[in-house]
2 protein chains.
Amino acid sequence: MGRNYNVTVVGATGMVGEELLRILAERSFPLGNLRLIASARSAGWKIQFRDRDIAVEALSERTTFQKGEFVFISATDEISRKYAPLAAQAGALAIDDSGVWRMNPEVPLVVPEINPDDVTSHNGILAIPNCSTTPVVMALWPIHKHNPVKRFVAATYQSVSGAGRAAFEELKRTTAASLAGEAVNPNVHRHRIAFNLIPDIGSPSKEGYTSEELKLVNETRKIMHAPDMQIAATCVRVPVLVSHSAAVFAEFSDPISPEEFRKILSGQPGVVIEDDLTHRVYPRPYESSGKDPVFVGRIRRDLSHPNGIAFWVVGDNLRKGAALNALQIAELLIARGHV
Amino acid sequence: MGRNYNVTVVGATGMVGEELLRILAERSFPLGNLRLIASARSAGWKIQFRDRDIAVEALSERTTFQKGEFVFISATDEISRKYAPLAAQAGALAIDDSGVWRMNPEVPLVVPEINPDDVTSHNGILAIPNCSTTPVVMALWPIHKHNPVKRFVAATYQSVSGAGRAAFEELKRTTAASLAGEAVNPNVHRHRIAFNLIPDIGSPSKEGYTSEELKLVNETRKIMHAPDMQIAATCVRVPVLVSHSAAVFAEFSDPISPEEFRKILSGQPGVVIEDDLTHRVYPRPYESSGKDPVFVGRIRRDLSHPNGIAFWVVGDNLRKGAALNALQIAELLIARGHV
C-alpha cells in the first residue's frame with residue numbers, strides 16, 4: 001500500500017459529504033490528512049471522524065489545495081465551477097459531484113465498475129455521474145457488453161436527499177404538518193412534496209425535458225461509450241428520504257430472456273439481484289438505504305417488445321449514487337498508480 | 001328527465017363507496033331510493049347523504065336486488081363474483097369495480113368518453129376499469145383515434161387509497177410512527193410504505209408481472225378495441241394518499257409533435273392539460289385529488305423514438321378511477337334508454 005493520501009472534502013456538512021466521511025471511516029482507504037471544508041455558515045463546526053473531531057474550515061478566496069491530494073467536491077454547481085480547476089491547477093485531483101464538468105470532453109465521467117480505463121486521461125478533474133444515472137447504468141452495462149442496448153426508457157422515483165439536506169428536512173417537516181392537519185408550506189421543493197409527487201427535477205431544459213432527464217440521457221451515453229444509444233426519461237421526485245429507484249424498459253440488439261439477464265447480472269461487482277416476485281422479494285428504497293450495491297429486481301420480458309426486458313433498480317443516491325462512487329474513483333486512481 | 005332510479009351501493013363504507021355518495025350528492029343524477037350496503041362490521045352505521053341519515057345494511061345471503069335499480073359494487077373480488085350475477089338475475093344493473101368481470105367477453109368494460117357504445121350489449125353486469133388503467137386510456141384514446149398507438153410502456157405511481165381504507169390509514173399511521181422514531185410495522189401493505197416504494201400491486205401473475213400490471217395491458221386493449229396494441233407496465237405503490245400517476249412513453253403509427261398531441265387532447269371531455277414546464281406547471285396527485293378530470297402534462301417528444309411521445313398523467317383513483325366512472329356509466333345507460 002505504501003503512502004497515504006491527503007483528502008479534502010468540499011461540502012463536508014452536506015448529505016453527500018457526510019456520507020463520504022462515513023464511507024471513508026468504513027473502508028481501508030490509505031488516508032493521510034483529512035481536511036473538511038464547507039460554507040462559512042458551517043465553519044467552526046466540529047465533525048467526528050473515527051476517534052477525533054475535525055474542525056470545519058470555511059471555503060473562501062484564500063482556500064488553496066495541495067499537490068497530490070484528493071479533493072472531493074459536492075456542493076453547488078458554482079463552487080464546482082470555480083474550485084475544481086483551482087484544485088487541478090495546484091496538482092490535486094478533484095473528484096466532482098456537480099453537473100458542471102461531467103459532459104466536458106476533457107473530464108472523465110467514471111463508474112469504476114463500467115469504464116475504469118477512462119480515468120487515464122484526466123487533467124486533474126474527474127466527475128461522477130448524477131445520482132439517478134448511476135443505478136441505471138450499473139444494471140444495464142453488464143448486459144450491454146453481451147447484447148448492446150439499442151434503446152431504453154426510464155421513469156425515476158427519486159428521493160428528496162438527492163436535492164440536499166434542506167429538501168430532506170422539508171419532507172419530514174411538511175409531512176408532520178400534514179399529518180397534524182396544519183398548513184404545508186414548501187420552501188425548498190417547488191411544490192408540496194408531503195404525500196405528493198413532483199415530476200420536475202433540476203431546471204427546464206431542451207425540448208420539454210428537465211436538466212435531470214437529459215443528464216440521464218447524456219451521461220449514460222458517455223459512460224457506456226454509446227453515443228447512438230436511444231434514451232428517454234421522466235424524472236420524478238417522490239416522498240422518500242434516501243435512495244433513488246427507476247422502472248426501466250430496455251431494448252437490446254438481440255432477444256434476451258429474463259433468465260439470461262439475471263445470469264449475466266449475477267455476480268457483477270456492485271450489483272445485487274433481489275428478484276422473487278412470488279415471495280414478494282424486490283428492491284425497495286428504504287431497505288436499500290445505507291447499503292453500497294445497486295439492487296435489481298422485477299426482471300421480466302417486456303411484453304411489448306421482442307428484444308425487451310423490463311426491470312426495477314434501486315440504489316442509495318448518497319452512496320453509489322455519489323460518495324461511494326467518488327471514493328471508488330480515488331481508489332482506482334491509486335491502484336493504477338495515477339496519483 | 002322523467003323517472004328516478006333506485007340505487008344500491010355495495011361497499012358503501014369503503015373509500016370508493018364514500019366517494020360515490022359524495023359524487024352522487026353533487027350531480028343531478030335522477031335518484032330514487034338509495035340503499036347502502038356494507039359488510040356486517042359496518043351494519044347499523046348511519047351515513048349522511050344530503051340532508052338525511054341512511055342506515056347501512058349488512059350484506060348477507062338474504063340480500064336481494066330490484067328490477068331496474070343500479071347496483072354499484074366496490075368491495076372485494078369475492079363479493080363481486082357472487083352478488084353481481086344476483087343483481088343481474090333480479091333485473092338490476094350491476095356496475096362493478098372489481099377485477100372479476102372486466103375481461104369477461106359478455107361484460108362491457110366502459111369508459112364513457114371512450115367506448116360508450118359498448119354499453120349496448122350487456123347482460124346486467126357492466127365493469128369499470130382498474131384505477132390505474134383509466135387515466136392512461138383517457139390520455140391516449142383521443143390521439144389513438146387520429147394516429148393509432150402501436151406500443152406504449154407505463155410506469156405507475158399509485159396512491160394507497162387504491163388499496164382501500166386500511167391501506168390509506170396505514171400510510172398515515174406508519175408515517176407518523178416513522179417521524180416519531182418509532183417502529184414501523186406494516187399489516188396491510190406487504191412491506192413498509194412510509195417513505196418507501198413497493199413495486200408490487202395485486203398478486204404475482206404470468207411471466208413475472210403482477211395482476212395490476214396485466215390489468216393495465218388487457219383492459220386497455222379491450223376498452224380501445226385494440227387487441228394488437230403492444231403494452232408493458234411496471235406498477236408501483238407510492239406514499240401518496242389519493243390519485244394515481246403514470247409516466248407513459250407511447251409510440252404512434254405516424255410521427256406526431258407535442259403541439260399536435262396537445263391540440264388533439266385539449267377540449268377532450270374529462271381531460272385537462274396542465275403543461276408548462278417553464279412555469280413549473282404539471283399535474284401532481286395531491287392537487288388533482290377530489291377533482292373529476294384526468295390531468296396530462298410533461299407532453300414532449302420521446303427522444304428515443306421517431307414516432308414517440310412521453311407524457312405524465314394524474315387522476316383521482318377514487319373519482320374517475322372508480323366512483324365517477326361508475327356513475328357516468330349509469331348516466332349513459334339512462335341517457336341511451338337502456339334501463
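Leaving aside neighbours within four places in sequence, Leu216(B) is in contact with Ser132(B), Thr133(B), Val136(B), Ala154(B), Ile231(B), Ala233(B) and Cys235(B); two residues are in contact if their C-beta atoms, placed from the backbone, lie within 7 Å. The structure is a predicted model, in which local features need pLDDT of at least 70, side-chain atom pairs count only at pLDDT 80 or more, and totals for chains, interfaces and linings use all residues. Residues are numbered from 1 along each chain as its sequence is written, while chains are lettered from A and ligands numbered from 1 in the order in which they are written.

Leu216(B) belongs to helix H5 (residues 211-224) of chain B. Helices (H or I, at least four residues) and strands (E, at least two) are DSSP runs, numbered from the N terminus. Leu216(B) counts as buried because 27 C-beta neighbours lie inside 10 Å. A residue is buried if 20 or more other C-beta atoms lie within 10 Å of its own, exposed if 12 or fewer, and partly exposed in between, with C-beta atoms placed from the backbone. Ser132(B), one of the contacts of Leu216(B), is 84 residues away along the chain, yet the C-alpha atoms of the two are separated by 6.9 Å.

A second residue of chain B, His189(B), lies in the loop between helix H4 (165-179) and H5. His189(B) has 20 C-beta neighbours inside 10 Å and therefore counts as buried. Not counting residues up to four places away in sequence, His189(B) touches Ala167(B), Glu170(B) and Ile198(B). The C-alpha atoms of His189(B) and Ala163(B) are 8.5 Å apart in space, and the two residues are 26 residues apart in sequence.

Two residues other than glycine have a positive phi value: phi of Arg298(B) is near 50 degrees, and phi of His225(A) is near 55 degrees. Arg298(B) is part of strand E12 (residues 294-301) of chain B and counts as buried, with 26 C-beta neighbours inside 10 Å. His225(A) is placed in the loop between helix H5 (211-224) and E9 of chain A and counts as exposed, with 12 C-beta neighbours inside 10 Å.

In chain A, Ala250(A) is found in strand E10. Ala250(A) is buried, with 26 other C-beta atoms within 10 Å. Its contacts, leaving aside neighbours within four places in sequence, are with Leu140(A), Val149(A), Phe152(A), Gly308(A) and Ile309(A). Ala250(A) and Arg151(A) are 99 residues apart along the chain, and their C-alpha atoms are separated by 5.9 Å.

Helix H3 (residues 133-146) and helix H6 (residues 258-265) of chain A pack at an angle of about 105 degrees, with their axes 9 Å apart. Axes are lines fitted to C-alpha atoms, for helices over the stretch in contact, and angles run from 0 to 180 degrees between N-to-C directions. H3(A) and H6(A) are therefore roughly perpendicular to each other (angles under 35 degrees count as roughly parallel, over 145 as roughly antiparallel, 65 to 115 as roughly perpendicular and the rest as oblique). On the H3(A) side the contact involves Ala139(A), Pro142(A), Ile143(A) and His146(A), which meet Phe261(A), Ile264(A) and Leu265(A) in H6(A). By class, this contact has 6 nonpolar, 1 polar and no charged residues. Here Ala, Val, Leu, Ile, Met, Phe, Trp, Tyr, Cys and Pro count as nonpolar, Asp, Glu, Lys and Arg as charged, and the others, Gly among them, as polar.

Chain A is divided into domain 1 (5-129 + 322-335) and domain 2 (133-317), with bounds from an automatic or database domain assignment. The C-alpha centres of the two domains lie 25 Å apart. In chain A, 14 residues of domain 1 are in contact with 20 residues of domain 2. Helix H8 (residues 319-335) of chain A gives the most to the domain 1 side, with 3 residues. That side has 8 nonpolar, 4 polar and 2 charged residues.

Between the chains, the contact takes 51 residues from chain A and 51 residues from chain B. Elements giving two or more residues to the chain A side include helix H4 (165-179), strand E10 (244-252) and strand E12 (294-301). By class, the chain A side has 29 nonpolar, 10 polar and 12 charged residues. The copies meet through the same surface, because 100% of the interface residues of chain A are also interface residues in chain B. A rotation of 180 degrees with 0.0 Å of shift along its axis superposes chain A on chain B (RMSD 0.0 Å). That is the relation of a two-fold axis; copies are superposed by least squares on the C-alpha atoms of residues with pLDDT of at least 70 in both.
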